Amino acid sequence: MVTTQALTAEPQVVPARRDWPELAGHLVFATCGLASAVYLLYLGRHTSFFYDEWSWIQSRRGWRPGNFLAAHNGHFVALPVLAYHLLFATAGLRAYLPYRLLLMFCHLAACFALYRYGRIRLGPLVAVLPAVLLLLLGAAWQTLLWPFQITFIGGLAFGLTGFLILDAVPSRRRNVLGCLCLTAAIACSGTGLAMLAGAFVRVALRRQWRRWWVPAVPTVVFGLWYLHYGRADAPPVGGSASQLWQYFHRIYQSSIAGLTGHTWLQDRPLASWLGLAIVLLVAGRLAVELTHRRLPVDLLSAIATGVVLWGLTALTRVHTHDYGASRYLYGGVLVVLLAVIEAVRGVRLPRLVGALRAVATAASVWAGSTPLRGGAASLTAVDTYARADFAALEHSRPAPRYQPNPRLLPVVTAAGYFSAVHSLGSPALSWSALPRQSAGVRADADRVLRQAGALQLLAAGPQPVTPAGSVTVPSGVVEPLTVRAGCQLLQPQQRALAVRLSLPAAGITLSDPVSAIAVRVRRFGPALAVLGSIGPRQVMLLRPLPDGSPVPWLIQLSTVGTVRLCQG
């Protein structure tokens with residue numbers, strides 16, 4: 001039978017034999033934390049607002065209560081939305097660095113809380129190892145580089161801080177702080193619910209009934225929020241028992257693989273064996289504690305946190321098969337580290353084993369640097385495309401519902417974007433920087449310019465009969481022809497020929513084609529693309545919007561006969 005004394009026992013602090021290990025642990029963690037923050041800021045130096053952030057930018061800018069309380073994909077995100085509002089009011093959209101600094105602050109706070117958690121149980125120097133794993137968790141690159149992920153990190157950081165407060169000697173002030181931390185956790189995202197479950201286990205198994213309200217208040221807050229706001233945006237839940245178990249099992253294995261710096265798909269055998277070893281380690285520690293009539297409250301709390309975290313993810317994401325997504329690994333790895341810390345707590349190991357643990361940690365961080373750099377490069381590429389598209393959009397006349405990039409930015413519309421940049425400034429690439437981008441980026445900007453009306457092909461009225469000089473176009477023309485003032489009659493030497501023209505700022509009028517003319521254009525990009533066509537005997541005006549760029553439009557007319565061309 002488990003004794004009541006064991007139930008109410010507080011975590012035992014591992015005393016330091018000397019002062020220098022404590023100081024050394026603090027210095028090592030501080031150095032690693034600073035170095036990792038600088039490195040992550042450097043990797044993401046060319047990133048910008050991305051995906052879900054634009055949902056908040058376009059639709060949650062006001063200070064109405066509903067903007068903070070409305071759910072986001074089923075999550076209660078009031079605190080992250082508040083943080084973004086404060087940054088909107090101070091930094092706007094012209095600078096992304098303040099948003100990234102906020103992410104670094106939250107990330108370092110979560111890692112420091114993990115270090116404090118491990119220091120109490122393992123000692124200061126050993127506690128640095130799990131903290132360093134989390135500091136540079138390369139497999140979770142999306143969480144480390146995308147400021148929107150303060151939603152997930154915030155819930156974990158506040159929740160883990162709540163654990164530390166609940167582990168301390170109870171006092172009124174600590175109870176209030178613990179309640180506030182847990183409430184803040186559930187107001188960041190669904191990860192806070194997992195941490196709240198762990199807090200309930202801590203209070204209940206220690207029979208600290210006078211503290212019941214500490215986790216109860218955030219539970220009531222979440223329940224009231226869900227009834228009024230959460231149900232409207234709640235994701236569909238369900239799936240068969242086998243599907244849920246498979247998702248749960250694989251997201252656990254993905255978290256284990258993340259510890260090694262790999263993804264589950266990269267190294268399934270290692271993830272499987274290491275995952276099994278951790279399960280056996282935790283189960284063995286549980287068996288030992290229960291055999292000695294001790295209840296491992298903190299270990300059971302870590303297990304409950306993991307079960308709720310992965311269980312909720314499985315219930316809401318089972319049909320997406322995204323268990324290996326980078327954004328889900330941070331929380332999973334944190335939970336695994338909590339369980340491992342509890343499983344080896346108080347165990348004295350030979351120095352050789354300690355050295356091997358340090359080497360394994362360094363190897364995992366090194367292995368994780370590859371997906372971290374790759375993730376940073378992919379985010380940078382995506383954001384460069386988006387900012388180039390925005391630059392093209394700002395020099396066009398799009399319809400209000402036009403979407404510049406439905407694949408990368410499915411929530412962004414022209415009306416929403418212009419409303420946002422009018423209030424907060426523009427994150428777009430400068431117009432002068434666009435010609436220096438890669439060929440793919442320039443081609444995508446051309447696509448937006450064509451679609452959004454930067455180059456207009458309009459029906460024109462009857463043209464006055466004016467003398468037209470005749471221009472014979474030889475075959476194999478490489479350089480584009482220069483359109484002179486007045487009118488010209490283009491006469492290809494071959495029956496079918498693609499005539500290339502450099503479009504003047506005033507535009508050109510095309511008339512009297514013998515047959516339909518296909519119009520292909522390009523400006524910054526390397527390849528021509530179809531803009532439209534001109535029917536026989538039609539009169540059409542091809543006119544660019546003035547934007548100040550010295551780069552002209554290149555026009556290709558695919559014609560089978562003469563065509564009358566007038567400037568302006």
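Modeller: Of the contacts in the protein with a separation of 6 or more, 77% join residues 24 or more positions apart, where contact means heavy atoms within 4.5 Å. This is a predicted model, in which local features need pLDDT of at least 70 and side-chain atom pairs count only at pLDDT 80 or more, while totals for chains, interfaces and linings use all residues. Residues are numbered from 1 along each chain as its sequence is written, and side-chain values use heavy atoms, with hydrogens and water left out.

The secondary structure comprises 19 helices and 11 strands, these being DSSP runs numbered from the N terminus (helices are H or I, at least four residues; strands are E, at least two). The protein is more spread out than a compact globule, because its radius of gyration, 31 Å, is well over the 24 Å that the globule rule gives for 568 residues. That radius is taken over C-alpha atoms, and the rule is 2.2 Å times the number of residues to the power 0.38. Along the principal axes, the C-alpha atoms fill a box of roughly 105 × 50 × 45 Å. Of the 568 residues, 51% are buried, that is, under 20% relative accessible area with a 1.4 Å probe and protein chains only.

Two packed helices are described by the angle between their axes and the distance between the axes.

The crossing of α6 and α7 is right-handed. On the α6 side, the contact is made by H107, L108, C111, L114, Y115, G118, R119 and L122. Helix α7 contributes P124, V126, A127, V128, P130, A131, L134 and L135. These residues divide into 13 nonpolar, 2 polar and 1 charged. In this scheme, Ala, Val, Leu, Ile, Met, Phe, Trp, Tyr, Cys and Pro count as nonpolar, Asp, Glu, Lys and Arg as charged, and the others, Gly among them, as polar. As for handedness, a crossing is right-handed if the near helix is turned clockwise from the far one by less than a right angle.

Definitions and conventions: Buried means under 20% relative accessible area, exposed over 50%, partly exposed in between (1.4 Å probe, protein chains only).
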